Structure formats: C-alpha cells, structure tokens
Amino acid sequence: MSDSTADNIVYLEDLQAPSSSSPRVKESNEVATVVKKKGTVVTVSGKNQSTTSTSLKRQRTLADMFSGPSATKSAQPGAKKIKLDQAAGSPSSGLSGSKSLNSMPFSLSGYVSSLSDEEKQLLALELKVLDDEIRKPYFIKLKRFLWDQGVKGPDDSAKSLKIYPAPRNIYSWSNLTPLGRVKVVIIGQDPYHGPNQAHGLCFSVPQGVAVPPSLRNIYAEIKKEYPEFDPPKHGNLTTWAENGVLLLNTCLTVKAAEAGSHSGKGWEEFTDKVVDVVDKYGGANLAANGSDLGGRGRGIVFLAWGAWAMKRVAKLDKKKHLILTSAHPSPLSASRGFLGNGHFKKANEWLEEKYGSDGCVDWCHL
C-alpha cells in the first residue's frame, strides 16, 4: 500500500464509547450528514459539501447498514476501507461465516452518483442511509407519500407541515446509538402526535415538554427496581440513547393529532429491516468479556411492551437475545403486567453476565 493510499484510509467504526458530552437532540438551522475521514470531516447535505480539519472518527450508524456488505463496492473510487476485526477468522457458533461489522467498506461518492435525479430529490433526508434499502420500490413509494405531505428535506418545519417529528429528527435514533454499541432496543409504535413532543426517540420528549403518561409509568417501574432513582421532571431520554439504548418507533412519522396515520405506508417494513440488522450486529463492539466474537453481534436485550412491539420481535432468536415482553406502559394497560415486570434489572443482569459491568445501562441517569 502506498503512502498516499494509506492517507485515505477511513475507519467508520470507532470502538470507543460515545462521549458523555455528545450533543442532545435539538432543532438546528443546518442539518447534514457527516462522514469522517482520517483528518477530515466531509459534510454532505442535499446542497453542497464542505471540509474542516479534525481527528475524530465516526461510529457506524444503523442507517449505514440497512443493505449489509453486499451493496458495497470496495473497488469504487474513494471507497472507505474499514479495519478488519482481529477475530474475523475465528470459529464461532453460527457466526463463523459472517463478516465483522468493522470489515465492510463503503463508497459515499460512488453511492450518491448512482442515484437518479428523482431518487436524489426524494431521498434528501436519507442520503446518510447510503444503501440499497432506500431504493426499494416500497421505500420510494413511502417517500412519495411523505413528499406529497410536504416532507421534502431536513430543513422543513414540523410546525408548518403538521407532520411529526421535524424531518431533521426522523433518524435521531440511528445517529445517537451507533450499531456496534447497541445494548438494548425499546420498540414503540409511532411518534407522539402532539405539537413539540416527538423528536425521533420512542417514549421520549424534548426538555420543557410535559412527561407523557406512558413515560411516567416507565419512571415508576424504574423507581420500584432501583429505589435510588429520582425521576426527572423532564422526559428527554437522549442520555439512554447515548448509552446504548436504541429507542425505535415502528412508524417514524405521524400526522398531527392523528395517531397511526402513517401506519401501513412502508415504515413497518423499513424498521423491520432495522431490527434484522440489530439482530445480526447489535452490540458488536461491546467488551468481548472473554468472547472471540468481537465485531459480531453476540446478543442484546429487546424490551417489547404491548402486542405491537411483541410482533416485531417474534422472529428473533431467544437463545441469542434476551427478549422481555409485557403489557404496554400506557395508563390503559400498565397495571395489567407492565408495572412490576422487573425488566430494567433483568436487562442489566443479563448484560453484565454477557459483557461485564460496562455492558450495563445506567437507567437512573437522565
């Protein structure tokens, strides 16, 4: 490898945990996709590109992985070369033939240049997804529906559109919780449909918004399991997301005041694919704790509350993952099995046994 080639090597997957000072989900005037090269940040929006010097590296998000390695072309110009995991060739139960999360190259420029003009227009929000899933007919149909609803790009206003969350926050769940660091998945149904509530994380609301009833019941259950927990006055769960809790709604958008209004439009198929990817690679970069499967998903915790969420996890391997189900935390059903389910402690006990103390989630820190 020449020196010039070595200078262009990029590492999409960073093995370090996200910093506790990571930015919170918030409204901003400029929203862009960031792909970090060695020594350079390339900012890609729907309009232009700019570069600034940095030495940081980006962890691979779930959105980067929807099509898996088959959609990548390492021979394309500018293809990003990923660190090969040291355990890539090691034998493992059911995983010896799968690629390490850290060994998958991707060419951003090659991908974008392959899009048609219509695809570039419809996929202005998803250019960070970077793979074939968003070019499938069902997803293009979904995007046409959203386009007709007025959702055309990251700078569109939720207030004027009456579609929640704001377009810039639709994929917050992916940006805040890198795939290799996922410890727990909590599955919701669709975003809150009231003004200023939804911000891309299930059950969560921004600072300054009243804590929703379901989340109050979630806090009450944590208090039962961890008496030292002091329920906060806010409902922003961003800290959990930064600590490896993937807060995923099944539908990612909703019309104002119309619960379930974007159900059946294509989001369910898309988020089912997300669950498939997490099933395969979730937790891949958590501490090995004696395992030789670094870079491969070794199992995580799924919290499925209510029939809707249970349906999403029914296909998963219960020997690989810890799958905990109960009634939904809604006031209409919480007393029928959610309150007293013990899920938060059970999740941490399982994670600690599998990944050590660093694998646990600090549910009390918000």
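Guide: Cys-202 is buried, at a relative accessible area of 0%; buried means under 20%, exposed over 50% and partly exposed in between, with a 1.4 Å probe and protein chains only. The model is predicted, with local features requiring pLDDT of at least 70 and side-chain atom pairs pLDDT 80 or more, while totals for chains, interfaces and linings use all residues. Residues are numbered from 1 along each chain as its sequence is written, and side-chain values use heavy atoms, without hydrogens or water.

Cys-364 is partly exposed, at 24%. The structure holds 0 disulfides, a disulfide being a pair of cysteine sulfur atoms within 2.5 Å.

Ser-214 belongs to helix H7, residues 213-225; helices (H or I, at least four residues) and strands (E, at least two) are DSSP runs numbered from the N terminus. Ser-214 counts as buried because its relative accessibility is 13%. Beyond its neighbours within four places in sequence, Ser-214 is in contact with Phe-203, His-328, Pro-329, Ser-330 and Pro-331, contact meaning heavy atoms within 4.5 Å.

Next comes the sheet. Its 4 strands form an open sheet with parallel pairing, in the order S6-S5-S8-S9; strands pair if DSSP finds at least two bridges between them. The edge strands, S6 (245-249) and S9 (322-326), each pair on one side only. Strand S8 (residues 301-305) pairs with S9 over 5 bridges in the parallel sense, and Ala-304 has Thr-325 in S9 as its bridge partner. Helix H11 (residues 343-355) lies across S5 (184-188), S8 and S9, at about 175° to S9; angles run from 0 to 180 degrees between N-to-C directions, with axes fitted to C-alpha atoms, for helices over the stretch in contact.
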